[in-house]
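Hello,

Here is the structure I promised to hand over.

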Amino acid sequence: MAKLAAARAELTKGQLPPGRSPTVAEFLRSWLETSVKPRVRPLTYAGYKVNVEKHLVPTIGKIHLDLLTPLHVQDMMNRHLTAGLSPKSVAYIHQVLRTALGLAVRWDLVSRNVARLVDRPRVQRKPIRPLTPDEARTFLAGIRGHRHEALFSVA
């Protein structure tokens, strides 16, 4: 965090030389504590923290914030997809990074949000197949007497 404060101080004097900004890991951890934790619910914060520590820091955390490129972000997402993470999980990781980098832009730590330049993975929705009338009758007969029978009947 001291490095982040020093980077902000130098930035107010003028442009930071390339590579002098905080690393992505330093920035993300500071962002979690100073911006996310005070304004979101604990469960939301926990989800952001897991994505930062488990997925973002190990893959792009050592890169200096001002040297992060769209190619780094795309490569990180491709590695997670190749490793077996679902497109929905990778899209959430991308969203966390995009949100954090949006704040870095507002704080003048970077000039652009490179995560916005990378498309998130396409999340395929599974088609919903409602019960047929015969299946519905069988289901309702099977739950007769259950404590939630009225709830299931209405649903």
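**Helix contact and salt bridges**

Val73, Met76, Met77, His80 and Leu81 in α4 meet Pro87, Val90, Ile93, His94 and Leu97 in α5. By type, the residues of this contact are eight nonpolar, two polar and no charged. Bear in mind that the model is predicted.

Now the geometry of that pair. Helix α4 covers residues 70-82 and helix α5 residues 87-106. Their axes come within 9 Å and cross at roughly 150 degrees. Angles over 145 degrees count as roughly antiparallel, and α4 and α5 are therefore roughly antiparallel to each other. Their crossing is right-handed.

Next, the salt bridges. The structure holds five. Three of them are described here.

- Glu53 and Arg29 pair through their side chains, at 2.9 Å from N to O. Glu53 lies in helix α3 (residues 42-60) and Arg29 in helix α2 (residues 24-36), so this bridge ties together parts that are 24 residues apart in sequence. Glu53 is partly exposed, at 29% relative accessible area. Arg29 is partly exposed too, at 37%.
- Glu33 and Lys37 form a salt bridge with an N to O distance of 3.8 Å. Glu33 is partly exposed at 30% relative accessibility. Lys37 is partly exposed at 45%.
- Glu135 and Arg129 form a salt bridge at 3.3 Å, N to O. Arg129 counts as exposed, at 58%.

Best wishes

How values were computed
Residues are numbered from 1 along each chain as its sequence is written. This is a predicted model: local features need pLDDT of at least 70, side-chain atom pairs count only at pLDDT 80 or more; totals for chains, interfaces and linings use all residues. Side-chain values use heavy atoms; hydrogens and water are left out. Axes are lines fitted to C-alpha atoms, for helices over the stretch in contact, and angles run from 0 to 180 degrees between N-to-C directions. Helices (H or I, at least four residues) and strands (E, at least two) are DSSP runs, numbered from the N terminus. Angles under 35 degrees count as roughly parallel, over 145 as roughly antiparallel, 65 to 115 as roughly perpendicular and the rest as oblique. A crossing is left-handed if the near helix is turned anticlockwise from the far one by less than a right angle, and right-handed if clockwise. Contact means heavy atoms within 4.5 Å. Ala, Val, Leu, Ile, Met, Phe, Trp, Tyr, Cys and Pro count as nonpolar, Asp, Glu, Lys and Arg as charged, and the others, Gly among them, as polar. A salt bridge is a side-chain nitrogen of Lys or Arg within 4 Å of a carboxyl oxygen of Asp or Glu. Buried means under 20% relative accessible area, exposed over 50%, partly exposed in between (1.4 Å probe, protein chains only).
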